[in-house]
Amino acid sequence: MNHSIELGVLRHFTGLNKHVGRHPFPLPSIQETISTMSKFTYCTTVDMNMGYWTIPMCPESQRICTIILTCGKFSYERLPMGLAPSPDVYQEKMSLLFIDLEEVKVYFDDILVLRFDSFEDPLLNLQVVLTCIRKANLQVNVTKSKCAAIETEYLGFNIS
């Protein structure tokens, strides 16, 4: 998408966002998330690829998220960035996906998998996480992910 089209999309959503209801979902506090990570042995960071676009929109939402370009109309079939409820919808999907996994922290498209003992355990835990990701039809950005590290950067903090 070229720069002028991106600006047009943002202007469109600015007007639309005034009329679209939010889908409130509590976003995790970065400070709370970081404070719950004490004394882990290994951590794995998993970065999701194109997260919002993995969430299909209902036909009514597609209709109101139609933009007009010089080459014609374009209706979003997947959750777009820039739409007011998008962050809440995506965070809810990701949080619910890993709700039963206490050692998994999720902040939008950044997943942190913690392990507190042996090296084999983080790999088993990662297998569970990757299975959840596959079942949800999500994709991992492998180049931004890091497996079984003793320190890493997460949400702008160096943790070890």
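**Close-up views of a predicted model**

View 1. Tyr-107 counts as buried, because its relative accessibility is 19%, and the cut-off for buried is under 20%. This value, like the others in these legends, was computed from a predicted model. Phe-108, at 16% relative accessibility, is buried as well.

**View 2. Aromatic pairs, with Tyr-52 and Tyr-90 in the centre.** A search of the whole structure finds 3 aromatic pairs. One of them joins Tyr-52 and Tyr-90, whose rings lie 5.2 Å apart, centre to centre, with 45 degrees between the planes, an arrangement classed as tilted. This pair links distant parts of the chain, since Tyr-52 sits in the loop between S1 and helix H3 (59–64) while Tyr-90 belongs to helix H4, 38 residues apart. Tyr-52 is buried at 16% relative accessibility, and Tyr-90 is buried with a relative accessible area of 1%. In the pair formed by Tyr-107 and Phe-108, the ring centres are 5.1 Å apart and the planes stand at 90 degrees, so that pair is edge-to-face.

**View 3. Helix H4 and what covers its buried residues.** Helix H4 takes in the 12 residues 86–97, which should span 16 Å at 1.5 Å a residue, and the 17 Å between its end C-alpha atoms agrees with that expectation. The buried residues of H4 are Ser-86, Asp-88, Tyr-90, Gln-91 and Met-94. The elements that cover these buried residues include strand S1 (42–49), strand S4 (104–107) and strand S5 (110–115). As a guide to reading the view, an α-helix has 3.6 residues a turn, so residues three or four places apart point the same way.

View 4. A search of the whole structure finds 0 disulfides. For Cys-65, the closest cysteine sulfur is that of Cys-58, and the 9.1 Å between the two sulfurs is too far for a bond, because a disulfide requires sulfur atoms within 2.5 Å. Cys-65 is buried, with a relative accessible area of 2%, whereas Cys-71 counts as exposed at 70% relative accessibility.

View 5. Met-50 is a residue other than glycine, yet its phi is positive, near 55 degrees. Met-50 is found in the loop between S1 and H3, where it counts as partly exposed at 47% relative accessibility. Ala-148, which is not a glycine either, has a positive phi of about 50 degrees. Ala-148 is part of strand S7 (residues 146–149), and at 14% relative accessibility Ala-148 counts as buried.

Methods. Residues numbered from 1 in each chain as written. Predicted model: local features only at pLDDT ≥ 70, side-chain atom pairs only at ≥ 80, totals over all residues. Heavy atoms only, no water. Buried < 20%, exposed > 50% of the residue type's maximum accessible area, 1.4 Å probe, protein only. Helix = DSSP H or I, 4+ residues; strand = E, 2+ residues; numbered from the N terminus. Expected span 1.5 Å × (residues − 1). Contact = heavy atoms within 4.5 Å. Phe/Tyr/Trp six-rings, centres within 6.5 Å; stacked < 30°, edge-to-face > 60°.
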